Amino acid sequence: MTYKESRVPIFSHLWLEDQMAENEARGKKPQAFDTPFRYSDSGKCARALAYSALGYEGEPFDAAGTLVTGLGTYIHELAQEAILKRYPNAKFEIPTRVATSSGHCDGIIETEEYGRVLYELKTMNGTAYRRSMGLTTSGWAKAGPEGPRISTILQSAFNAQANDCDTIIIGHIALEAIGKGMAKRIDLDEWSRIITEFVIPKKIWEPAADQEMNRQSKIIEKLNEGRLPKPVAVDKDFELVDVDPHNEKFWQCGYCSYRDQCVSDGPGEPVYIREEINNG
Ligand code: SF4
């Protein structure tokens with residue numbers, strides 16, 4: 001059988017094209033409160049946080065980003081609807097703020113076992129999912145599960161603090177299932193092929209929220225001195241780590257929508273044209 005592949009799609013991209021145009025017309029989602037940062041900025045490199053606080057426009061989502069984000073939003077809606085059926089007092093998308101940051105939660109759910117739960121849901125590709133639960137393409141990873149991203153933990157920690165929660169539960173949903181053959185070989189149950197959850201008690205998330213708040217306060221101080229902060233991110237052990245937009249090994253920079261601006265501003269703590277920073 002012969003076929004001719006069209007690298008320029010004819011039909012299949014049209015809905016995404018429409019979504020991208022709609023997103024552009026709608027603009028950035030309004031912030032929950034007038035704070036320098038959004039919860040979703042948590043854990044980002046200090047320089048990226050600074051650009052966000054200064055209101056710099058990042059690059060819009062590309063086609064792949066629009067697809068993944070759209071699927072994520074759809075799954076969130078389904079998940080919230082199903083939770084509400086079983087936990088009628090659950091609340092979703094509540095806007096809150098802490099000193100430096102604001103945003104919306106995915107869910108607040110009262111439970112007997114975990115108390116008041118801050119629920120956060122993340123959808124992700126198969127590789128990210130496998131890593132989070134400690135799997136490689138061939139079996140269990142020697143290093144064990146990586147767990148949720150630091151940015152997810154910090155974003156959840158702010159939400160948990162602002163909503164007076166006891167426990168954080170982060171759900172991961174894979175957009176690509178672990179194969180049946182592999183699941184059988186490593187004795188993985190059916191749900192775990194696509195879904196896993198992480199339970200984080202207050203004694204872990206509370207210090208993390210305090211540390212991130214302290215870091216964000218220092219970034220605002222630096223901006224108020226008229227300087228951009230050094231590009232420093234938070235690693236998976238909550239340690240600060242230097243990042244470099246010129247170096248491909250830093251994934252943060254690969255996905256950063258301020259990369260061009262950052263490269264042009266240069267390393268260190270360059271002076272920027274000062275405007276008043278909103279301190280919330
Ligand atoms: S490109 Fe890298 S160093 Fe620059 S703001 Fe983005 S994450 Fe930070």
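**Strands, helices and a ligand**

Student: Let's start with strands E4 and E5. In which sense do they pair?
Tutor: Keep in mind that this is a predicted model. Strand E4 (residues 107-111) and strand E5 (residues 115-124) pair in the antiparallel sense, over 5 bridges.

Student: How many residues sit between E4 and E5?
Tutor: There are 3, and the two strands form a hairpin.

Student: And what stands opposite Glu110?
Tutor: Arg116, in E5.

Student: New topic. Which residues are around the ligand?
Tutor: Among them are Cys45, Cys253, Cys256 and Cys262. Arg47, Tyr258 and Arg259 are also in the list.

Student: How does that shell divide into nonpolar, polar and charged?
Tutor: It has 9 nonpolar residues, 1 polar and 2 charged.

Student: Which helices supply at least two residues each?
Tutor: Helix H2 (46-53), helix H8 (251-254) and helix H9 (259-265).

Student: Now helix H1. Why does it lie largely in the open?
Tutor: Of its 13 residues, the number buried is 0, so H1 lies largely in the open.

Student: What span should H1 have?
Tutor: It covers residues 14-26 and should span 18 Å at 1.5 Å a residue. Its end C-alpha atoms are 18 Å apart, which agrees.

Student: What follows H1?
Tutor: Gly27, with a positive phi near 75°.

Student: Last one: is Ile220 buried or exposed?
Tutor: Ile220, found in helix H7 (residues 202-224), is buried, because 22 other C-beta atoms lie within 10 Å and the cut-off is 20 or more. The C-alpha atoms of Ile220 and Ala50 are separated by 7.6 Å, though the two are 170 residues apart along the chain.

Definitions and conventions
Residues are numbered from 1 along each chain as its sequence is written. This is a predicted model: local features need pLDDT of at least 70, side-chain atom pairs count only at pLDDT 80 or more; totals for chains, interfaces and linings use all residues. Helices (H or I, at least four residues) and strands (E, at least two) are DSSP runs, numbered from the N terminus. The expected span of a helix is 1.5 Å times one less than its number of residues. A residue is buried if 20 or more other C-beta atoms lie within 10 Å of its own, exposed if 12 or fewer, and partly exposed in between; C-beta atoms are placed from the backbone. A residue is near a molecule or strand if its C-beta atom, placed from the backbone, lies within 6 Å of it. Ala, Val, Leu, Ile, Met, Phe, Trp, Tyr, Cys and Pro count as nonpolar, Asp, Glu, Lys and Arg as charged, and the others, Gly among them, as polar. Two strands pair if DSSP finds at least two bridges between them.
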